[in-house]
Amino acid sequence: MAKQIQAFLLICLILIIAVAVVDGNTAQGGQEESVDEWFHKLGRAKEKVTKFHFYFHDTVGGKSPTAVRVASANTTFTSSPTYFGLVVMFDDPLTAGPEITSTVLGKAQGFYASTDQNELGLAMYVNYHFTTGEHKGSTLTLVGRNAVDQKTREMSIVGGTGVFRLARGIATAKTYFQNSANFDAIVEYNLVVVHY
């Protein structure tokens, strides 16, 4: 079973990377010339810092979940207090405020997996896909460990597409709301992103 889960996770990671590459090409209209032109100007470009503040709505329960379990070990729900082995895929809305009715900025798409046997620690892979405003069509990629029980967690921004090519930075997460019965959560994110 462990080998099947590992194979499944590897396939998911390959698919997510492929989607990110296609998404990056789509954000630039699929024109390779624009990337080449951008690259040739890179030597003269100055780094910029962009800060973001938004909310990530992870809905596990109800009729329209945005996060679904795709894999778990035999012991995940029977003998693991940390849900070790659980893998969840998500397509969560990003909003300007904590209310789901506030302005939608984009989506958080990716997966998280419970990877710690002693505390609730998630390995996260997230693409923030911006669908409105000046960053529309661009993405940022977050990878890191999310120790959910800590008040504030820090994860890495490791790349991006569109206006965020060669991005790097830091994301901090803080749980704004969590429903302990069904695990729905609203998480507040602050990002500091360095890009060209």
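Guide: What follows treats aromatic pairs, then salt bridges, then backbone angles.

Guide: This is a predicted model, in which local features need pLDDT of at least 70 and side-chain atom pairs count only at pLDDT 80 or more, whereas totals for chains, interfaces and linings use all residues. Residues are numbered from 1 along each chain as its sequence is written, and side-chain values use heavy atoms, with hydrogens and water left out.

Visitor: How many aromatic pairs are there by the rule?
Guide: A pair of aromatic rings is described by the distance of the centres and the angle of the planes. Rings of Phe, Tyr and Trp (its six-membered ring) pair if their centres lie within 6.5 Å; planes under 30 degrees apart count as stacked, over 60 as edge-to-face and the rest as tilted. The count here is 15 aromatic pairs. One of them joins tyrosine 83 and phenylalanine 183 edge-to-face, with 5.7 Å centre to centre and 80° between the planes. Tyrosine 83 belongs to the loop between β2 (67-71) and β3 (87-95), and phenylalanine 183 to the loop between β8 (168-178) and β9 (185-195), 100 residues apart. Strands are DSSP runs (E, at least two residues), as are helices (H or I, at least four), numbered from the N terminus.

Visitor: Which residues form one aromatic cluster?
Guide: The cluster consists of Phe52, Phe54, Phe56, Phe90, Tyr112, Tyr128, Phe130, Phe164 and Tyr189.

Visitor: How many salt bridges does the rule give?
Guide: Side chains of opposite charge can pair when their charged atoms come close. A salt bridge is a side-chain nitrogen of Lys or Arg within 4 Å of a carboxyl oxygen of Asp or Glu. The count is four salt bridges. In one of these, arginine 168 meets glutamate 47, with the closest N and O atoms 2.8 Å apart. Arginine 168 lies in strand β8 and glutamate 47 in the loop between α2 (32-41) and β1 (48-58), 121 residues apart.

Visitor: How accessible is arginine 168?
Guide: Buried means under 20% relative accessible area, exposed over 50%, and partly exposed in between (1.4 Å probe, protein chains only). Arginine 168, at 41%, is partly exposed, and glutamate 47, at 42%, is partly exposed.

Visitor: Which residue other than glycine has a positive phi near 60°?
Guide: Leucine 166 has this value, and this leucine is found in the loop between β7 (153-161) and β8. Phenylalanine 183, from the edge-to-face pair, has a positive phi near 70°.
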